[in-house]
Amino acid sequence: MKKIKKYAAAGVDIAEGDAASRIAGKFAGTTFAGRRGRIGAPVKLPGGFAGILDFGKYFLVTGDDGVGTKMEVAERAGKFDSLGADLVAMVADDAACLGAEVVSITNTLDAAKLDRRIVGELLRGLAKFCRAERIVIAGGELAEVGDAVRGMVWNATAIGVVAKNRIILGDEIRAGDAIISLRESGLRSNGFSLARKILADEFGANWHSRKFSGKKWGELLLTPSKIYHAGILELVGRFGEPRKIDVRGIAHITGGGIAGNLPRILRGKLGARLDNLWSAPKFVDELIRIGKISVAESREVWNLGNGMLVVVAAKDVARTLAILRRRKIAARVAGEITNSGKIEIE
């Protein structure tokens, strides 16, 4: 992926990040042989949203992520209770893309200086959202690291399970399948370096206290991520439960946007035509306007109102939408799979 001018100006080099990811993946791959023929042997999955380990009768799915610089916004606003939703969404929704039920999360908080009040707010929120998803907080680590960090860094690892015959890899996707978009009302935990730079350039150091449409910018950027994990499990079934919908592929729209994430589940020469996506939240449109961000860059940095894409056969659309809406997840048909080999957004 090419370096993008505005995002690079915010201190983020996408090309360098992609290169670093490839290096990390290369060295991770050198560890796979040690478990060949043993419990926990890794399953290679190009483009997958989480790691897969073979545990005999089932696959164990594991993944790691964090809230990124959304934490800096929380520190400015003095509000930490909703970041738990972002942490759960980042790791549990990645696992759900493979059809896995997340059973546990561990988390690590690195801070220049620990504050019991802030830790309490963060963990109270995390516990609330984990309970709603039936996820156990199995452990964690609090580290006071002085000037090694500015502020706080909060990451988590999720562990999930999925039956071997129920894993979703995208290999059943066919041209003509429907793409259903699940609505997102915020930025999730992606593109905050750019958002913060835009607002600081426009309003100065206290940008988080300035208002748009009656709300402070700090509050708008802290809009908690929608968690789709339980809704997806309503479709595909929790571990040991029957499947209601034959979901063929799921893409979590995080960093890289639709163009960077939908191709991860498409095989061969498949593409997609998306002509009915959700519109971006109004405050995101305002960020794009005041930051003079191009359409192409906004699509590569933010989800623009579309937090997850679910691929099902056309015959399963009505039942899929009904189940998701019962879970209070706004969903609509956004397009279809094609043989074009391209992601076309209209």
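1. Buried means under 20% relative accessible area and exposed means over 50%, with partly exposed in between. At 29% relative accessibility, Glu234 therefore counts as partly exposed. The model under discussion is a predicted one, and the points below should be read with that in mind.

2. Overall dimensions. The protein chain has 346 residues, for which a compact globule would have a radius of gyration near 20 Å; the chain's own value is 20 Å, so the two agree. Along the principal axes, the C-alpha atoms fill a box of roughly 50 × 45 × 40 Å. The secondary structure consists of 12 helices and 14 strands.

3. Burial, surface and contacts. Of the 346 residues, 50% count as buried. The accessible surface of the chain is about 16200 Å², and carbon and sulfur atoms account for 51% of that surface. Where contacts join residues at least 6 apart in sequence, 82% of them are between residues at least 24 apart.

4. Charge. Side chains of opposite charge can pair when their charged atoms come close. In the whole structure, a search finds 17 salt bridges. Three of these are taken up in the next points.

5. Glu72 and Arg196. These side chains form a salt bridge with an N to O distance of 3.5 Å. Glu72 belongs to helix α3 (residues 70–77) and Arg196 to helix α6 (residues 192–203), so the pair ties together parts that are 124 residues apart in sequence. Glu72 is partly exposed, its relative accessible area being 24%.

6. Asp93 and Arg188. Here the closest N and O atoms of the salt bridge are 2.8 Å apart. Asp93 sits in helix α4 (residues 83–96), while Arg188 is in the loop between β7 (178–183) and α6; the pair links distant parts of the chain, 95 residues apart. Both Asp93 and Arg188 are buried. For Arg188 the relative accessible area is 0%. The backbone of Arg188 also deserves a check: its phi is near 55°, a positive value in a residue other than glycine.

7. Lys244 and Glu234. The salt bridge between these side chains has an N to O distance of 3.2 Å. Elsewhere, salt bridges with shared partners join Glu72, Arg76 and Arg196 into one network.

8. Arg134. Most residues other than glycine have a negative phi. Arg134 has a positive one, near 60°. The residue is in the loop between α5 (116–133) and β5 (136–144). With a relative accessible area of 59%, Arg134 is exposed.

9. Ile180. This residue lies in strand β7 and is buried, with a relative accessible area of 0%. Beyond neighbours within four places in sequence, Ile180 has contacts that include Met308, Leu309, Val310, Val312, Val317, Leu321 and Leu324. Further along the chain, its partners include Ala331, Arg332, Val333 and Ala334. The C-alpha atoms of Ile180 and Arg134 are separated by 25 Å, the two residues being 46 apart along the chain.

10. Ala195. Helix α6 contains Ala195, which counts as buried at 0% relative accessibility. Not counting residues up to four places away in sequence, Ala195 touches Leu187, Leu221, Leu287 and Trp302. From Ala195 to Val317, the C-alpha distance is 35 Å and the sequence separation is 122 residues.

11. Gly255. The position of Gly255 is in the loop between β10 and α9 (257–261). Gly255 is partly exposed, with a relative accessible area of 42%. Neighbours within four places in sequence aside, Gly255 is in contact with Asn190, Asn261 and Glu300. Lys292 is 37 residues from Gly255 along the chain, and their C-alpha atoms are separated by 20 Å.

Terms used:
Residues are numbered from 1 along each chain as its sequence is written. This is a predicted model: local features need pLDDT of at least 70, side-chain atom pairs count only at pLDDT 80 or more; totals for chains, interfaces and linings use all residues. Side-chain values use heavy atoms; hydrogens and water are left out. Helices (H or I, at least four residues) and strands (E, at least two) are DSSP runs, numbered from the N terminus. The radius of gyration is taken over C-alpha atoms; the globule rule is 2.2 Å times the number of residues to the power 0.38. Buried means under 20% relative accessible area, exposed over 50%, partly exposed in between (1.4 Å probe, protein chains only). Contact means heavy atoms within 4.5 Å. Accessible areas come from the Shrake-Rupley method with a 1.4 Å probe; for residues, only the protein chains shown count as cover. A salt bridge is a side-chain nitrogen of Lys or Arg within 4 Å of a carboxyl oxygen of Asp or Glu.
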